[in-house]
Amino acid sequence: MNHDINIKKLRINCFRQSKVPGEFMLQMRCPGGMIDAKYLSFVQHIAETWGDGSFHIGTRQSLDFCGIKYEDIPAVNAYIRTYIDEIENGVCQVGMEVDEHGYPTIGARNITACIGNHHCICGNINTFELARKIEPLIFPSHYHIKINIAGCPNDCNKAHLCDFGIIGTAKIDYHPERCIGCGACVRACEHGATRVLELNADGRVEKDPCCCVGCAECVKACPAGAWTRRPEPFYRVILGGRTGRQTPRTGKVFLNWASEEVVLAVIGNWHKFSAWVMDYKPEYLHGGHLIDRAGYKKFKELILDGVELNPECLVAEDIYWHETEYRSNFNVKPMRMHHHAGPSNG
Ligand code: SF4
Ligand code: SF4
Ligand code: SF4
């Protein structure tokens, strides 16, 4: 084994140690999961010149190349300089210095996005354009934050399983004078959403204001244009979801009906919040753990500092996450190493 290899330094350049000694995996960022097809020539060249001839699409939409030899890393870094510059500065407007030493940060950590309204009939927002607006707020940085964007409440991109999940929503308005009382919207909400619509005795639609998720299925179903969506997009922000061995959990709603300005301002406060929690000494700690460390109330205070909420925006009073319970779903006795007299499931 080569003891001269500085793993820590390589991780800073988005290279990951392999199970094969002396080999590494490069992770190239692909913000919002969308790049021009012309960049596939970079992919092919890297994989065939320095890698093992293949590439993997990372679970966070990075482009991953395995089998890169330690001694080839400087050549790879020099080669990807153009890619980094064009994607980070050209596309995402990150405004960072790019040199021959590759990525300046510890991890690739793209903001991920589903295809959104670029293609999808359900999409309420342009997901990767939002990703590109958020990137300059959090990249480059050694603070660890995972952000997933979903174009609609279907949440194909698992906004519920990351630090900040952003879901595009539509705020809808009802125009009773146009309504013919056909009930199509009620059925659409019944079958595809949260069942909040009802036809009343007068043949008009009533909405339970509690739980509309802003999917706009009712708008699509209405033959009379009696439901309209407001032109500006709205967002639901889901907080504190995560995977991992120890305490996986689903995120909970933090903001509802937030404007784009609010979402950007909140994420713009992430560095400040992280620095405060870590006492201004960056550590490789996941975002969700920082939120836990601060506690939701303190998190809310710091992350909303200076943010002017749009009039529609709702902020969760409190959040109670539920972590995965490994034991309670199984009919087994507690492990013997626990000596306390806890309840037995056996
Ligand atoms: S989350 Fe919505 S917009 Fe995105 S791919 Fe799924 S259905 Fe389409
Ligand atoms: S936008 Fe609201 S009312 Fe319309 S289908 Fe979706 S959940 Fe139901
Ligand atoms: S689908 Fe349109 S016209 Fe039919 S009940 Fe709903 S709002 Fe009225």
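This is a predicted model: local features need pLDDT of at least 70, side-chain atom pairs count only at pLDDT 80 or more; totals for chains, interfaces and linings use all residues.
Conventions first. Local features need pLDDT of at least 70 and side-chain atom pairs count only at pLDDT 80 or more, while totals for chains, interfaces and linings use all residues. Residues are numbered from 1 along each chain as its sequence is written, and chains are lettered from A and ligands numbered from 1 in the order in which they are written.

Domains. The assignment gives domain 1 (7–91), domain 2 (112–169 + 233–315) and domain 3 (172–229). Such bounds come from an automatic or database domain assignment. Between the C-alpha centres of domain 1 and domain 3 there are 48 Å.

Now the ligands. Ligand 1 is surrounded by 13 residues, counted when the C-beta atom, placed from the backbone, lies within 6 Å of the molecule. The closest are Cys114, Cys120, Gly151, Cys152 and Cys156. The shell splits into seven nonpolar, five polar and one charged. Here Ala, Val, Leu, Ile, Met, Phe, Trp, Tyr, Cys and Pro are nonpolar, Asp, Glu, Lys and Arg charged, and the others, Gly among them, polar.

Ligand 3 also has 13 residues around it. Closest are Cys179, Cys182, Cys185, Cys222 and Ala226. That shell has eleven nonpolar, two polar and no charged residues.

Last, helices, which are DSSP runs (H or I, at least four residues), numbered from the N terminus. The axes of H9 (residues 270–277) and H11 (residues 296–303) come within 9 Å and cross at roughly 135°. Axes are lines fitted to C-alpha atoms over the stretch in contact, with angles from 0 to 180 degrees between N-to-C directions.

How values were computed:
Helices (H or I, at least four residues) and strands (E, at least two) are DSSP runs, numbered from the N terminus.
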